[in-house]
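The sequence and structure are shown first.

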Amino acid sequence: MEYQQTITAARTLAPVIWHQKGESYMSQAVFGLIGVLVGSVITAFVTIYAERQKGKREAAQSDRQYERERQSVRDTFQRDSILTLQNAIADLIKSAYAELDRLIAATKETGQWPGRQWETPTAVGWSASLLLLKSSRARVFNEEIRSLATELEKAAGDSIWANSLDEAEQHSKRIEPLLDRFNDAVARTLPSLY
């Protein structure tokens with residue numbers, strides 16, 4: 001009888017215990033599912049955020065690389081233009097000095113300054129160096145260098161188009177100090193372009 005009572009008691013209590021444990025398992029399953037969903041949402045959010053940040057960093061790095069390349073091209077262009085201008089000025093001055101030497105020699109022979117006229121042949125190398133000076137000066141961004149190149153062009157031109165030996169001498173005396181200032185400006189500028 002005791003055995004029978006134990007089985008009857010077990011059958012009576014079993015639905016209550018199963019129901020309580022079943023609810024416990026069910027609530028654990030629901031909480032587990034909610035945890036998985038919340039974890040998935042958080043993981044997705046973090047992944048999207050990380051990808052966006054990575055994209056922003058890559059875009060910023062790409063922009064910086066583009067700017068470095070652009071600056072490098074600009075610096076190379078400026079460096080080449082300044083060096084070409086420097087060579088053109090040297091050629092122009094060489095041409096002006098050669099023409100002044102010719103004019104002085106003619107003055108010694110005739111005793112009279114042979115002032116240049118429109119018909120006078122162009123000084124050897126003058127046209128080519130003048131054209132190169134003008135085109136390369138237009139490509140130089142540094143205003144001081146451009147301005148000094150213009151002053152040198154004018155001083156050299158004035159010296160060979162002078163109306164007298166004294167006037168030619170006065171104009172030619174401006175050339176070397178201007179050339180020194182020009183070369184100093186180039187020397188200050190070039191290091192920043194390398």
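A residue is termed buried when its relative accessible area is under 20%, exposed when that area is over 50%, and partly exposed in between. The model under discussion is predicted. By this criterion, both Arg137 and Glu153 are buried.

**Overall architecture**

The protein contains five helices and zero strands, and its elements follow the order α-α-α-α-α from the N terminus. Of the 194 residues, 26% are buried. Among contacts with a separation of 6 or more, 73% involve residues 24 or more positions apart. The accessible surface amounts to about 13,700 Å², and carbon and sulfur atoms contribute 60% of this area.

**Helix 2**

Helix 2 comprises the 14 residues 126-139; at 1.5 Å a residue it should span 20 Å, and the 20 Å between its end C-alpha atoms agrees with this. Its buried residues are Trp126, Ser129, Leu130, Leu133, Ser136 and Arg137. Because they cover an arc of only 145° around the axis, they lie on the same side of helix 2. Ala128, Leu131 and Ala138 are exposed on the face turned away from that buried side.

**Salt bridges**

Nine salt bridges are counted in the model.

| Salt bridge | N to O distance |
|---|---|
| Glu99 and Arg102 | 2.7 Å |
| Arg137 and Glu153 | 2.6 Å |
| Lys154 and Asp158 | 3.0 Å |

Arg137 forms its salt bridge with Glu153. This pair links distant parts of the chain, with Arg137 in helix 2 and Glu153 in helix 3 (residues 143-160), 16 residues apart. Lys134, Arg137 and Glu153 are joined in a network of salt bridges.

Glu99 and Arg102 both belong to helix 1 and are three residues apart, about one turn of the helix. Glu99 counts as buried because its relative accessibility is 5%, whereas Arg102, with a relative accessible area of 39%, is partly exposed. Lys154 and Asp158 are four residues apart in helix 3, so about one helical turn separates them. An α-helix has 3.6 residues a turn, so residues three or four places apart point the same way. Lys154 is partly exposed, its relative accessible area being 49%.

**Nonpolar surface patch**

Met26, Val30, Phe31, Ile34, Val38, Ile42, Phe45, Val46 and Tyr49 make a nonpolar surface patch of about 950 Å². Ile34 is located in helix 1 (residues 2-110). With a relative accessibility of 43%, Ile34 counts as partly exposed.

Key
Residues numbered from 1 in each chain as written. Predicted model: local features only at pLDDT ≥ 70, side-chain atom pairs only at ≥ 80, totals over all residues. Heavy atoms only, no water. Helix = DSSP H or I, 4+ residues; strand = E, 2+ residues; numbered from the N terminus. Expected span 1.5 Å × (residues − 1). Buried < 20%, exposed > 50% of the residue type's maximum accessible area, 1.4 Å probe, protein only. Arc of directions from axis to C-beta. Patch = residues over 30% accessible without salt bridge, like charges linked within 9 Å, V, L, I, M, F, W, Y side chains within 5 Å. Areas by Shrake-Rupley, 256 points an atom, 1.4 Å probe, with all protein chains shown as cover. Salt bridge = Lys/Arg side-chain N within 4 Å of Asp/Glu carboxyl O. Contact = heavy atoms within 4.5 Å.
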